[in-house]
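Hi,

Here is the structure I promised to pass on.

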Amino acid sequence: MKEWEKNSFKHALAGFGALVMAACALAAALVIYVDPFFHYHAPLKGFPYLVDNQLSQNPGMASHMEYDSVILGSSMTVNFQTTWFQELMGLNTIKLSYSGAYPKDQANIMDIIFKSDNNKRDKRIKKVFLGVDVITYTGGVEETKYPIPEYLYDENYLNDIKYVLNKDVILNYILRPVADPEPTDLSNVYASWWTEEYYSEQWVLHNYASPEKVEEKTLPDAYLPSTKKNLDINICPYIESNPETEFIIFFPPYSILFWNDVIMENHLDATIEEYRYIAERLNAYENVKVYFFPDQEEIICDLNNYADYSHYHPQFNRYMTECFANGECLVRKEGAGDGKTIEEYLEHMREIAENFDYAELLSRRG
C-alpha cells in the first residue's frame with residue numbers, strides 16, 4: 001500500500017471513529033435527557049413514558065418521584081390504584097411492585113426508598129404497604145425472583161453505559177412512545193393484563209392442575225428457620241431503623257385452590273405456623289399493623305373472583321385499601337383493643353382449608 005493510501009485509510013478510520021463517538025454521545029445524551037427509567041431525574045412533563053419494566057424502572061421511580069407512601073409486594077399488589085390511597089387516606093402513594101417478589105427484592109427497593117429525598121430533611125415516608133406471600137419467605141435471603149440490573153440499583157455512574165447506550169431503551173422506551181403516544185397513568189402502573197372475561201371459575205379450573213397427593217407430612221416448624229432469616233435480614237431492619245414510618249403488613253387472599261395445593265402437598269400445619277410466626281413477629285413492633293385477608297371465605301371460595309389460583313379481581317384490591325383505611329381485618333396486637341387475634345384468624349383459615357369440598361369443585365372442570 002502506498003503512503004498516500006495509508007494516510008487516506010487512517011483519515012477514513014479516524015473519521016469513522018469520530019462519527020461513532022458522536023453517535024454514541026448523542027444517543028447517551030438522548031437517554032439521559034428523556035431518562036425513561038428515571039435513573040437521573042423525575043419524568044419530563046408531557047413525555048408519554050412507557051412504564052412496564054419493574055426491575056429497571058422501580059429504582060428510578062423510588063429515587064426521583066415525589067411520594068410519602070409506598071405499595072410493595074408481588075403481583076398480588078399490581079392492581080392497587082394509588083388514587084385510592086389519596087381518596088381514602090390522603091396519601092401520595094407510589095406503587096413499586098415486583099412480580100413474584102422475594103424478600104430480598106423488597107429489601108433492594110427499600111434501600112432506595114429510605115435513601116431518597118422523600119425520607120430526608122423534614123420529610124419522612126409515612127406508610128409502607130407491604131404484601132407478604134408466605135411461600136417466598138422459605139427461600140434464601142439473597143434470592144431474587146429475577147436477576148436485577150445492578151447498574152440501575154447502585155450509585156456507580158461508570159457502569160451506566162449499559163443504560164445510556166442500550167438499543168432497547170432507545171427504540172422501545174423513547175422512540176416507540178413518541179411514535180405512538182399514550183398518556184402515562186402512574187396511578188395504575190403494572191396492572192395485570194387480565195380483562196373481565198378471565199375472572200371466571202371456568203377459566204381458572206381449565207388452567208389449574210391439582211398436585212399429586214404427598215403422604216409424608218411437612219413438620220409444623222419446617223419453614224420457620226428460613227422465614228426467620230428473611231425477616232432478620234430483609235424486612236425487620238427497615239422497620240427498626242424507620243420508627244416514624246408505619247408499616248402496613250398484609251397477607252393477600254389466595255383462592256381456595258391454593259389451599260388445595262397445601263392440603264395435597266401435606267404442609268397445612270407448616271403453612272399455618274409460618275403465617276403465625278410472621279404475623280406475631282411483625283405485629284410486635286409499635287410501628288407495624290398487620291392485616292389478614294386469606295380467610296375471607298366469600299372471596300376465596302368463589303373462583304369467579306380469580307383469573308388463576310391466586311390472582312384476584314381488582315375489586316378486592318379496592319376492598320383491601322378500604323380495610324387499611326377503616327381497620328377491618330386488622331390483627332389485634334397482644335393485650336390491646338378489639339378485633340381478632342392472629343390465632344382466631346388462623347383457626348378460621350384452618351377450618352376452611354380442612355373442610356372445603358375440593359373434589360366437588362374440581363369435578364366442575366369442563
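**Around Asn-230**

Leaving out residues up to four places away in sequence, Asn-230 touches Pro-103, Thr-136, Tyr-137, Gly-139, Gly-140, Val-141 and Ile-235 (contact means heavy atoms within 4.5 Å). Asn-230 sits in helix α8, residues 224-241 (helices, H or I, of at least four residues and strands, E, of at least two are DSSP runs, numbered from the N terminus). With 0% relative accessibility, Asn-230 counts as buried (buried is under 20% relative accessible area, exposed over 50%, partly exposed in between, with a 1.4 Å probe and protein chains only).

Before I go on: this is a predicted model, where local features need pLDDT of at least 70 and side-chain atom pairs count only at pLDDT 80 or more, while totals for chains, interfaces and linings use all residues. Residues are numbered from 1 along each chain as its sequence is written, and side-chain values use heavy atoms, with hydrogens and water left out.

**Aromatic pairs**

Rings of Phe, Tyr and Trp (its six-membered ring) pair if their centres lie within 6.5 Å; planes under 30 degrees apart are stacked, over 60 edge-to-face, the rest tilted. That rule gives 31 aromatic pairs. In one, the ring centres of Tyr-275 and Phe-292 are 5.6 Å apart with planes at 70°, so this pair is edge-to-face. Tyr-275 and Phe-292 are both buried.

**Cysteines**

The whole structure has 0 disulfides (a disulfide being a pair of cysteine sulfur atoms within 2.5 Å). For Cys-323, the nearest cysteine sulfur is that of Cys-329, 4.2 Å away.

Cheers
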